[in-house]
Amino acid sequence: MKKRGVTSRDVARLAGVSQSAVSRCFSPQASVSEATRQKVLKAARELGYRPNSIARSLITRSSRTVAVVFHSLENPFYSTLLERASRFFQDQGYFLQLFAASPGDSISDVIDGLIRSQVEGVLMLAITLDAEQASMLTDLGIPAVIINRTVAYDGVSQVSCDNFHGGYWAAQHLIRCGHRRFAWLAGLEGTSTSDQRRDGFLAGLADGGAELHHREVGNYRYDDALLATRRLLSSSEPPDAIFSANDLMALAVMEAARHEFCLSIPKDLSVIGFDDVPMAAWPSHSLTSLAQPVDDMIARATELLMTQIHDAATQPQHIRLPVVPMVRSSTRPLRQM
């Protein structure tokens, strides 16, 4: 059960500081030592204290601010999500506050910032959390929705797509195109999206009587995917089909294959991506991809967050949406059976 009725006096007592020090820690412009701040924030997390818990109950003093936490906007898919979210909250009279977190950052550092900023809710945009980290948000009573990631924790809402079956379709499609040497270009290691797409791809290969020949890691980044592609295509038996964990990396595969290895796509190499970003449909790319339902994802996530903000009794939901294959000319035509 969530802790209720915790006051700044309780936090001060547990942290061993004055009540005024607690107030300064939650005032963005106030001066306070880092040691004191860390003690206060640690005590606040333990007690489930929210500095604006009373203010939120008074409509006229609502902060009207929602946080979006993200790692990177290099992938056009996430910039599209952010744009759609911004428009939704703007229409609702809310402001967005952005928090950029590097993949190696402790999520507790971000949560400390959320507490001090007194946001009313938070969208976690493709942020990888474990159950303990996700529970920090619920323990503090901060409404949160995770988009495009999943975590084994029932207490936080999550909106994602059917990554497994997207990967399964990619494998089956490449088999039907007549390929024999399959490669998987992974995203960031340990992320639920990459792992689920990989598992689906491997299952699809196995059910089609095929197996994986090559594996590389591109970390969801264009430059890393270029390096990975060079390693793949320089091998003694290079793949004739590559499934990439996202479109950004798939575009890097196509660039390296065409301009560095003089390969014809799809005659020499078929490529499939994931996300269906706008560039995938450009004639110069014509990338076969698995389309994530961007509009539906952001609509579900933002509406769910608003419901949680206005009704603390709202139960968390886990929503998984289907993907849609977009077949273009980066893959060979299907073989006649």
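These legends go with several close-up views of a predicted model. Residues are numbered from 1 along each chain as its sequence is written, and side-chain values use heavy atoms, leaving out hydrogens and water. In this predicted model, local features need pLDDT of at least 70 and side-chain atom pairs count only at pLDDT 80 or more, while totals for chains, interfaces and linings use all residues.

**View 1. Helix α7 packs against helix α8.** Here residues 163-176 make up α7 and residues 192-207 make up α8 (helices are DSSP runs of H or I, at least four residues, and strands are runs of E, at least two, numbered from the N terminus). The two pack at an angle of about 40°, with axes 6 Å apart (axes are lines fitted to C-alpha atoms, for helices over the stretch in contact, and angles run from 0 to 180 degrees between N-to-C directions). On the α7 side, look for Phe 164, Tyr 168 and Leu 174, among others; they meet α8 residues including Arg 197, Phe 201 and Leu 205 (contact means heavy atoms within 4.5 Å). By class, this contact has nine nonpolar, seven polar and three charged residues (Ala, Val, Leu, Ile, Met, Phe, Trp, Tyr, Cys and Pro count as nonpolar, Asp, Glu, Lys and Arg as charged, and the others, Gly among them, as polar).

**View 2. Helix α4 meets helix α11.** Residues 76-91 (α4) and residues 294-310 (α11) pack at an angle of about 45°, with their axes 10 Å apart. That makes α4 oblique to α11 (angles under 35 degrees are roughly parallel, over 145 roughly antiparallel, 65 to 115 roughly perpendicular, and the rest oblique). Among the residues in contact are Phe 77, Leu 81, Phe 88 and Phe 89 of α4, along with Met 297, Ile 298 and Met 306 of α11. Ten residues of this contact are nonpolar, two polar and three charged.

**View 3. One cavity of 30 Å³ or more sits in the structure.** Around the cavity you'll find Val 68, Leu 81, Leu 82, Ala 85, Leu 123, Leu 125, Ile 147 and Ile 298. Which element gives the most to this lining? That's α4, with three residues. The lining has eight nonpolar residues, and no polar or charged ones.

**View 4. Helix α9 passes α10 in a right-handed crossing.** Helix α9 (residues 222-233) and α10 pack at an angle of about 50°, with axes 8 Å apart. Tyr 222, Leu 226 and Leu 233 are among the α9 residues here, meeting Met 249, Val 253 and Glu 255, among others, in α10. The contact divides into eleven nonpolar, one polar and one charged residue.

View 5. Most residues other than glycine have a negative phi, and most peptide bonds are trans. The bond from Ile 265 to Pro 266, though, is cis, with omega near 15°. Pro 266 lies in the loop between α10 (247-259) and β9 (270-275). Asn 148 has a positive phi of about 65°, and Asn 148 lies in the loop between β4 (144-147) and β5 (157-161).

Notes:
On a 1 Å grid over the protein atoms alone, a cavity is a set of points where a 1.4 Å probe fits but cannot get out, and a pocket is an open set with protein on both sides within 12 Å along at least five of seven lines; lining residues have an atom within 4 Å of a point. Grid points are joined across faces, edges and corners, and a volume is the space filled by probe spheres set on the points. A crossing is left-handed if the near helix is turned anticlockwise from the far one by less than a right angle, and right-handed if clockwise.
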